[in-house]
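The stops below go from one selection to the next.

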Amino acid sequence: MHAPRRLADSFIHLGLDATAVPQPPFDGLEWYEAYGERHGADGREGRLVSAHCFTQSWSSWEMHPLGEEVVICTAGEMTLVQEFPDGQCETVTLRPGEYAINPPGVWHIADIAEEATAIFITAGEGTQHRPR
């Protein structure tokens, strides 16, 4: 058995054949490119499980074109803004224990008033970003 790990420090890749693969420590946006190289062969069925603590609103929008993303708030409060392909925007405020789903192709961003922590289960293949 392996020693316990902190999800915020060591994300998990859920892959084909029901595998769960601990990832190297997160060290910035370049990490995602290396993650894609490590697990890209799993295609749209691969999922990244990560945890992040936020003290400010996100600086850019993101969109996952090939699958849904689950956002689970575990501490604090965050307001998730979703922009649908037809231009319609919806907001939902998440508190501890609550979750929302970002559908494929929907741009999303989070506003943080004070501090929030969330777990993300992401179908990340083809993820795109754009400035706020």
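Buried here means under 20% relative accessible area, exposed means over 50%, and partly exposed is in between, with a 1.4 Å probe and protein chains only. This is a predicted model, in which local features need pLDDT of at least 70 and side-chain atom pairs count only at pLDDT 80 or more, while totals for chains, interfaces and linings use all residues. Residues are numbered from 1 along each chain as its sequence is written, and side-chain values use heavy atoms, with hydrogens and water left out.

**Stop 1: the loop between β1 and β2**

Select Asp17, which lies in the loop between β1 (12-15) and β2 (19-22). Helices (H or I, at least four residues) and strands (E, at least two) are DSSP runs, numbered from the N terminus. The phi of Asp17 is near 60°, a positive value in a residue other than glycine. Asp17 is exposed, at 75% relative accessibility. Ala18 is not a glycine, yet has a positive phi of about 60°. Its relative accessible area is 78%, so Ala18 counts as exposed. As background, most residues other than glycine have a negative phi.

**Stop 2: helix α1**

Show the side chains of α1 (30-39). Which residues are buried in α1? They are Trp31, Tyr35 and His39. Seen down the axis of α1, its buried residues fall within an arc of 50°, so they line one face of the helix; the arc is that of the directions from the helix axis to the C-beta atoms. Turn to the other side of α1 to find Glu30, Glu33 and Glu37, which are exposed.

**Stop 3: the largest pocket**

Rolling a probe the size of a water molecule over the atoms shows where empty space is left. A pocket is found on a 1 Å grid over the protein atoms alone: it is an open set of points where a 1.4 Å probe fits, with protein on both sides within 12 Å along at least five of seven lines, and lining residues have an atom within 4 Å of a point.

The largest pocket has a volume of about 910 Å³. That volume is the space filled by probe spheres set on the points, and grid points are joined across faces, edges and corners. Select Leu29, Tyr32, Glu62, Thr127 and His129: of the 31 residues that line the largest pocket, these are the closest to its centre. The elements that give two or more residues to the lining are α1 (30-39), β3 (47-54), β4 (60-63) and β10 (116-122). β3 gives the most, with five residues.

Colour the lining by residue class. It divides into eight nonpolar, 18 polar and five charged residues. Ala, Val, Leu, Ile, Met, Phe, Trp, Tyr, Cys and Pro count as nonpolar, Asp, Glu, Lys and Arg as charged, and the others, Gly among them, as polar.

**Stop 4: salt bridges**

How many salt bridges are there? The count comes to four, a salt bridge being a side-chain nitrogen of Lys or Arg within 4 Å of a carboxyl oxygen of Asp or Glu.

- Select Asp9 and Arg6, whose closest N and O atoms are 3.4 Å apart. Asp9 is partly exposed at 43%, whereas Arg6 is exposed at 58%.
- Select Arg95 and Glu77, with 3.2 Å between the closest N and O atoms. Arg95 lies in the loop between β7 (89-94) and β8 (99-102) and Glu77 in the loop between β5 (69-76) and β6 (78-83), so the pair ties together parts that are 18 residues apart in sequence. Arg95 is partly exposed at 41%, and Glu77 is partly exposed at 36%.
- Select Asp111 and Arg132, which meet at 2.3 Å, N to O. This pair links distant parts of the chain, 21 residues apart: Asp111 is in strand β9 (residues 107-111) and Arg132 in the segment after β11 (128-131). Asp111 is partly exposed, with a relative accessible area of 27%.

**Stop 5: cysteines**

The structure holds zero disulfides, a disulfide being a pair of cysteine sulfur atoms within 2.5 Å. Select Cys53 and Cys73. The closest cysteine sulfur to that of Cys53 is in Cys73, 10 Å away and too far for a bond. Cys53 is partly exposed, at 48% relative accessibility. Cys89 is partly exposed too, with a relative accessible area of 45%.

**Stop 6: Pro104**

End at Pro104, in the loop between β8 and β9. Pro104 is partly exposed, at 39%.
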